[in-house]
Amino acid sequence: MGKCMIIGCGGVASVAIHKCCQNSDVFEGIMIASRTKSKCDALKEKLQPTTKTVIETAQVNADNVDELIALIESYKPDVVLNLALPYQDLTIMDACLATKTHYVDTANYEPLDTAKFEYKWQWAYREKFEQAGITALLGSGFDPGVTGVFSAYAMKHQFDEINYIDILDCNGGDHGYPFATNFNPEINIREVSAKGSYIEDGKWVETEPMEIKRVYNFKGVGEKDMYLLHHEELESLALNIKGIKRIRFFMTFGQSYLTHLKCLENVGMTSIEPIMYEGKEIVPLQFLKAVLPDPASLGPRTVGKTNIGCIFRGKKDGKDKNYYLYNICDHQECYREVGSQAISYTTGVPAMIGAMMIMTGTWKKPGVYNIEEFDPDPFLEALNKWGLPWEEDFNPTLVD
Ligand code: NDP
């Protein structure tokens, strides 16, 4: 049906690429283009004998718009799926504009020097994408991603208005290391060491990092400590879902992770301010990334499950209603299927589905949109089919 160019070849991309290859009726061709071409070639070597999807590979520096344009012009994909890092979002969007190619990503743009997690830079492209007649689908991972699709589905089928959303992201997996991050360490540590925040009555309320803690009993996992974090989808959901009074995001962390993180923070290792070391400028957080286990290596050793979903509270036919939509994913099952742990899996599967929605024309509107602005039904159907079945609970335990 079409061709997709996937930029990046890390943990998330590897899963998305496996899934595109399982879905070769839609993905007739893919090009894996990343900074380190050997990773792209290794994946091609593994997957090409198993699939009808024709795989090509290329080296690209996604910080360079001209290089991207040349590559897109030579391959002529229908969609570019950006699975590099958030720093590359705008250069890739610029290249998509120049070549009139649809764009999909899983994380909002971030400048290198601040960790803001906000959409303003990408929303500024709305008119340009509209005029070019192409679609940018923002945030097609799990959170953001499936959480937005769950919200759109709840709004469409279960509520007249949704007043409260709590997004709960639980990773009950154990990789056996005292400290490791299960996706890109730089992005992960920037996210969890930032101040927490949530939206109440249309305004952001800021908290100290990890200031708000709750305990929740997750189906498939058990009882876990979870902490309120800032998360990018709060910004778009508060605008796009009717009737929102408060929206919060919680993520589970174990005590060992938090103790290590505090210690690393206290000694300055999580800083993104460059320092001079033996005559060379280094960024402490980037150095830390280099000494931590590669998230891709956690796959074989991680056991346990993730449970990620949204608890909605609102009104239907004048009555109060509660509703919980979630997915449970098993680390070892993911590893057996695609050689990755569940965090990469739960992001890579929706990334493939997002690209499929655009490529097949199932989702079609020129402009820049967050995922909850599209019809959730075909996406939810695809989640069931492609490995992330969802469950619902009409009487969930609420978070106070
Ligand atoms: P990884 O670090 O594993 O992979 C990133 C890949 O991008 C690497 O292959 C890297 O190349 C490549 N890359 C980095 N910079 C460039 C560049 N300038 N040009 C070309 N390629 C580049 O990250 P993950 O796979 O864990 O994460 C990928 C994305 O997914 C991130 O944006 C992350 O924020 C997002 N994410 C979203 C989630 C969600 O639920 N929405 C959850 C988890 C992640 P090299 O191999 O050379 O390092």
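Which residues in α12 meet which residues in α13? The points below answer this and then turn to the ligand and the backbone.

1. The model is predicted: local features need pLDDT of at least 70, side-chain atom pairs count only at pLDDT 80 or more, and totals for chains, interfaces and linings use all residues. Residues are numbered from 1 along each chain as its sequence is written, and side-chain values use heavy atoms, with hydrogens and water left out.

2. From α12, H331, C334, E337 and V338 meet A342, I343 and Y345 of α13, where contact means heavy atoms within 4.5 Å. This contact comprises 5 nonpolar, 1 polar and 1 charged residues. In this classification, Ala, Val, Leu, Ile, Met, Phe, Trp, Tyr, Cys and Pro are nonpolar, Asp, Glu, Lys and Arg are charged, and the others, Gly among them, are polar.

3. Helix α12 spans residues 331-338 and helix α13 residues 342-359; helices (H or I, at least four residues) and strands (E, at least two) are DSSP runs, numbered from the N terminus. Their axes come within 8 Å and cross at roughly 65 degrees. Such axes are lines fitted to C-alpha atoms, for helices over the stretch in contact, and angles run from 0 to 180 degrees between N-to-C directions.

4. The ligand is surrounded by 28 residues, of which R35, T36, K39, A62 and N184 are the closest; a residue qualifies if one of its heavy atoms lies within 4 Å. The shell holds 13 nonpolar, 11 polar and 4 charged residues.

5. An oxygen atom of the ligand lies 3.0 Å from a polar backbone atom of F142. The ligand alone exposes 930 Å², and the protein buries 92% of that; accessible areas come from the Shrake-Rupley method with a 1.4 Å probe.

6. D143 and P144 are joined by a cis peptide bond with omega of about 5 degrees. P144 is in the loop between β6 (135-138) and α7 (146-158).

Terms used
Polar contact = N/O pair within 3.5 Å; in protein donor to acceptor, adjacent residues only side chain to side chain.
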